[in-house]
Amino acid sequence: NIREYWSRSHDEYKKGLLYSKTGEKAEMAVKHFKHAIEIYPDHAMALEQLGILTYSGKGVEISNDHAIDYLRRAVGIDPTLEDATLFLAMALGNQNKIDDSEYFFKRAINLDRHKETALSFYGEYLARWGKSDEIERRIK
C-alpha cells in the first residue's frame with residue numbers, strides 16, 4: 001500500500017539527509033536518496049536532494065543534465081521546494097536555457113525564504129547573459 005511505500009521511502013530519505021548534513025559521507029547520502037526514490041519514485045524531497053548533490057558533484061559524478069532531471073521531477077511534484085527551484089534555475093542557466101532559467105529564478109525569489117540568495121544568483125546569471133538592463137531594473 002502507498003502509505004507503507006511512503007514510510008519506507010521517507011526513512012531512507014531521512015538517513016540520506018543525515019549523511020548529507022555531515023558532509024563527510026555524501027556517497028552514502030546519494031545511496032539513501034536513490035533508494036528512497038526506488039521505493040517511492042515521487043518522493044519530491046529525495047529528488048530535490050539528489051538533484052542538488054548531482055549539481056554540485058557531491059557523492060556522485062557532477063552532471064548538469066541529471067541534476068535538471070531530478071530537480072524538474074521534484075518541482076513538478078512539489079512546486080514549493082525552494083532549494084530545488086533555485087538549483088534548477090542555476091542548472092538551466094548553465095545550459096543557457098535563459099527563458100526557463102529566468103522563470104525558475106523568479107519562482108525561487110517568490111518562494112521567499114531564499115529571496116536574497118535567489119536574487120544574488122539571478123543577478124550573476126543576468127550578468128552572464130548580458131542583461132544589464134534587467135539588473136538595473138531589479139536594483140531600483
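Trainee: At what angle do helix H1 and helix H2 pack, and how far apart are their axes?

Mentor: This is a predicted model. Take the axes of the two helices and compare their directions. Here H1 (residues 2-22) and H2 (residues 26-39) pack at about 165°. Their axes lie 7 Å apart.

Trainee: What does that angle say about how H1 and H2 run relative to each other?

Mentor: Angles over 145 degrees count as roughly antiparallel. H1 and H2 are therefore roughly antiparallel. The crossing of H1 past H2 is left-handed.

Trainee: Which residues make the contact?

Mentor: On the H1 side, they include Tyr-5, Arg-8, Glu-12 and Leu-17. On the H2 side, Met-28, His-32, Phe-33 and Ile-39 are among them. Sorted by class, the contact has nine nonpolar, five polar and three charged residues.

Trainee: Now a single residue. Is Tyr-125 buried or exposed?

Mentor: Look at relative accessibility. Under 20% means buried. Tyr-125 has 2%, so it counts as buried. Tyr-125 sits in helix H7 (residues 115-128).

Trainee: What does Tyr-125 touch, leaving out residues up to four places away in sequence?

Mentor: Tyr-125 touches Tyr-55, Met-90, Gly-93, Asn-94 and Phe-105. Also compare sequence with space. Tyr-125 and Phe-87 are 38 residues apart in sequence, and their C-alpha atoms are 12 Å apart.

Trainee: Where in the chain is confidence lowest, and where is it highest?

Mentor: Check the pLDDT. Confidence is lowest in helix H8 (residues 132-139), with a mean of 72. Helix H4 (residues 64-77) has the highest, at 98. The chain mean is 90, and 95% of residues reach 70 or more.

Key: Residues are numbered from 1 along each chain as its sequence is written. This is a predicted model: local features need pLDDT of at least 70, side-chain atom pairs count only at pLDDT 80 or more; totals for chains, interfaces and linings use all residues. Side-chain values use heavy atoms; hydrogens and water are left out. Axes are lines fitted to C-alpha atoms, for helices over the stretch in contact, and angles run from 0 to 180 degrees between N-to-C directions. Helices (H or I, at least four residues) and strands (E, at least two) are DSSP runs, numbered from the N terminus. Angles under 35 degrees count as roughly parallel, over 145 as roughly antiparallel, 65 to 115 as roughly perpendicular and the rest as oblique. A crossing is left-handed if the near helix is turned anticlockwise from the far one by less than a right angle, and right-handed if clockwise. Contact means heavy atoms within 4.5 Å. Ala, Val, Leu, Ile, Met, Phe, Trp, Tyr, Cys and Pro count as nonpolar, Asp, Glu, Lys and Arg as charged, and the others, Gly among them, as polar. pLDDT is the predictor's confidence in each residue, from 0 to 100. Buried means under 20% relative accessible area, exposed over 50%, partly exposed in between (1.4 Å probe, protein chains only).
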